[in-house]
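Hi,

Here is the structure I promised to pass on. Have a look at it first, and then read my notes below.

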Amino acid sequence: DVGKGLSQVGASANANADAATHMDAHAATRADAVASSTSSHVSSTHLSSTHVTVIPRARVARGRFEPAKALDALAGVVGPQNVSLRGESVVVAPCTTAEVREVLRLTGGTGWPVVPAGGETWTDAGNPLACAGRVVVNTTRLTGVVEHEPADLVATARAGTTLVHFNGALALARQWLPLDPPDDGRATLGGVAATGTGGAQSLAYSPPRSHVLGMTVALADARIIHVGGRVVKNVAGYDLCKLFVGSHGTLGLILDVTFKLRPRPRREATVVAQARDTRTLLEAGRAIIAANLSPVAVELLSAQVVAGAGIETAGGSAGLLLRFAGTDEAVAWQTAKAVETIGARSRLVDVNVLDDDAAVWAGLQSAALSLPARIVLRARVPSAGLPDVLDAVSNVRAGDGSRLCWHAGVGDGRLRLFDDEERTDVEHAAEVERLRVAARRLGGSLVVERAPVAVKAIVDAWGVSDSTGALMRRVKSQLDPDGVFSPGRF
């Protein structure tokens, strides 16, 4: 059944790609036209036909990647000011769909590997790339809201638009995209979709996969395909856009994304509980969930993350963040009940309510990128198994748990661990394997988000099973048969 399904997926993708190849100039540059006319317009937009400028194709012989030659060839496509050298790689920043297609025609004809990038916060994710020199296609010039239908709670934006800017534009209609991935202000919508990584508020709002309705993607052979749709109820055929969510730039270059939105809550408030005993806070968080108070996030933080997120701490205490969102009356009742529930369980917990809580959650998002760490791990287990995973982390450190740096979702069993200990690469790799075994024993998984290349050479970053790896390779062969995009990442 899987084989038949993949054959149909491949056929569907090829059909979409062939249709996209022959689309008229109006469709080919639709997003470019809107973005160039206004990058902040958020009402429903209807486009007129737009002229396409034909870019002369640079001619470079197929062969070994040479940065100097690549720099000159790509400068002829996007202009010398939009191309730069970075070590053995060349970074190119196209501004239009036409430029993206010409870049990919050039790389496809020469056999140069391509690495899509947005805010470049995840370019080292996964296994080491199987290429020293590469063309990094940066999408930060592909920006702007393409269209926004407030009545339908749907919006489309170009891939290089930052999540911060996108939500700022949607705020005019009191709507937002409730995603909180690791972000210090650089995260782009294309990157959010490509990594598929959510944050603490995934407990209530779900991860990026649940919000993506459709997207436009450039394949390695420069064909443009449109997958998914612009409506919430779209069940015709295979939902191909879900293949690209979490693909980390290995299947194609995302050009624009259509998201399902949410109304902005009238009020948001956070209950901050602190204590030296992490287990006390963990039990308090589980009690809040059991009380059906409907928090949008229940996040447990080690003392180091509490400080890194900019939260005032009571002398090295761990922290529990409980966020509530809704009407004024509902949030007032929820926060009061949460404080009462925590106080009834333990008098050793310091509890406060923050009404102006945006900075706290933004601090937690940025801490995921700014905290000092040689290795960053992400685990996911059933929520009931979170205490066992935390115990396994402490056991790996042989009693040195006071220096551990992590934050965890009490309601969804998500854990991110930051490791900045001075250990050998072999010791780090052994720790990763021990924690991965513990996560699997509980029915979960563990991913290496960041680590030195020497550590990744010893331990696989993803830890996928043989059957899953075989399935991923078959999908890759359908959409990128020559292995152009991010070779070796998976």
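**What I found**

Keep in mind that this is a predicted model. The largest nonpolar core has 48 residues, and L320 and L322 are the ones with the most contacts inside it. Helix α14 (residues 386-396) gives the most to this core, contributing six residues. There is also a second, separate core of 32 residues, with A169, L170, V212 and V217 among them.

If you want a place to start, click on L322. Leaving aside residues up to four places away in sequence, L322 touches A269, T270, V271, I288, A297, V298, A338 and I342.

Next, the sheet. Five strands make up an open sheet with antiparallel pairing, in the order β5-β6-β10-β8-β9. At the edges sit β5 (145-149) and β9 (224-228), each of which pairs on one side only. From one strand to the next, the twist averages 10°. Inside the sheet, β6 (residues 154-158) and β10 (residues 253-260) pair in the antiparallel sense over five bridges, and A157 stands opposite V257 in β10. Helix α5 (residues 97-110) lies across β6, β8 (212-218), β9 and β10, and runs at about 140° to β10.

Now for the charged pairs: the structure holds 20 salt bridges. Three of them are worth a click.

- R105 and E102: their closest N and O atoms are 2.5 Å apart. The two are separated by about one helical turn, because they are three residues apart in helix α5. R105 is partly exposed, at 29% relative accessible area, whereas E102 counts as buried at 9%.
- R323 and E268: these side chains meet in a salt bridge at 3.6 Å, N to O. The pair links distant parts of the chain, with R323 in strand β14 (residues 318-326) and E268 in strand β12 (residues 267-275), 55 residues apart. R323 is buried, with a relative accessible area of 4%, and E268 is buried too, at 12%.
- R423 and E431: here the side chains meet at 3.1 Å, N to O. R423 is partly exposed at 29% relative accessible area, while E431 counts as buried at 5%.

Cheers

Conventions: Residues numbered from 1 in each chain as written. Predicted model: local features only at pLDDT ≥ 70, side-chain atom pairs only at ≥ 80, totals over all residues. Heavy atoms only, no water. Core = buried A, V, L, I, M, F, W, Y, C linked by side-chain atoms within 4.5 Å. Buried < 20%, exposed > 50% of the residue type's maximum accessible area, 1.4 Å probe, protein only. Helix = DSSP H or I, 4+ residues; strand = E, 2+ residues; numbered from the N terminus. Contact = heavy atoms within 4.5 Å. Pairing = 2+ DSSP bridges. Axes fitted to C-alpha atoms, helices over the stretch in contact; angles between N-to-C directions. Salt bridge = Lys/Arg side-chain N within 4 Å of Asp/Glu carboxyl O.
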